[in-house]
Amino acid sequence: MLKKMGEAVARVARKVNETVESGSDTLDLAECKLVSFPIGIYKVLRNVSDQIHLITLANNELKSLTSKFMTTFSQLRELHLEGNFLHRLPTEVGSLQHLKVIDLSRNQFQDFPEQLTTLPSLETINLEENEIVADVPVEKLATMPALRSVNLRSNPLNAEFSVDTTSLLVCGAEDRTRAACMPGERATA
């Protein structure tokens, strides 16, 4: 077991160093068995954190993200957190003013993370396969200037709903097809 943990730590260190050395705008820590975002990464990336535009933390074991994560990587354009154990986002997610895509699919959200409705550049929200049962802030979503799609498929929503605005389609409990919900298309039962 210690050997596997050592290999996982070495893999994270290698990926972080690759990002720093290459000057990449991407940090990919998918499938690294992370239970939290390593504090040491903040120090290693302190001089390049504003250049990071895409972070992938998919398929780890994250239960939460800290406010420091959100404020450190304030220039993010894409954040991929699918396949973790997240159930909420810190309030500081509101500091991600440039965020265009957030993937929170296959997590444990029971409530729609309403702080996302304050992000002016957000185009895509994926919350597929969570445990959302509470009301979704449809009115706030409809007023988001850049929002193009919200995926809520495979959630046990309290009410059936499908809201189609000029540029937004919210897919809900009644969507039983495998067809993707895309702007301008209506899911069929």
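Here are legends for a few close-up views of this predicted model. Residues are numbered from 1 along each chain as its sequence is written, and side-chain values use heavy atoms, without hydrogens or water. Local features need pLDDT of at least 70, side-chain atom pairs count only at pLDDT 80 or more, and totals for chains, interfaces and linings use all residues.

**View 1. The largest nonpolar core.** This core has 45 residues; a nonpolar core is a set of buried Ala, Val, Leu, Ile, Met, Phe, Trp, Tyr and Cys residues joined through side-chain atoms within 4.5 Å. Buried means under 20% relative accessible area, exposed over 50%, and partly exposed in between (1.4 Å probe, protein chains only). Leu29, Leu57, Phe69, Leu79 and Ile125 have the most contacts inside the core.

**View 2. Around Leu29.** Look beyond the neighbours within four places in sequence, and Leu29 is in contact (heavy atoms within 4.5 Å) with residues including Val12, Val16, Phe37, Ile41 and Leu57.

**View 3. Lys140 meets Glu114.** These two form a salt bridge, with their closest N and O atoms 2.4 Å apart. The term means a side-chain nitrogen of Lys or Arg within 4 Å of a carboxyl oxygen of Asp or Glu. Lys140 is partly exposed at 41% relative accessible area, and Glu114 is partly exposed too, at 36%.

**View 4. Glu123 with Arg148.** Here the closest N and O atoms of the salt bridge are 3.6 Å apart. Arg148 is partly exposed, at 46% relative accessibility.

**View 5. Glu128 with Arg153.** This salt bridge spans 3.8 Å, N to O. Arg153 counts as buried, with 11% relative accessibility.
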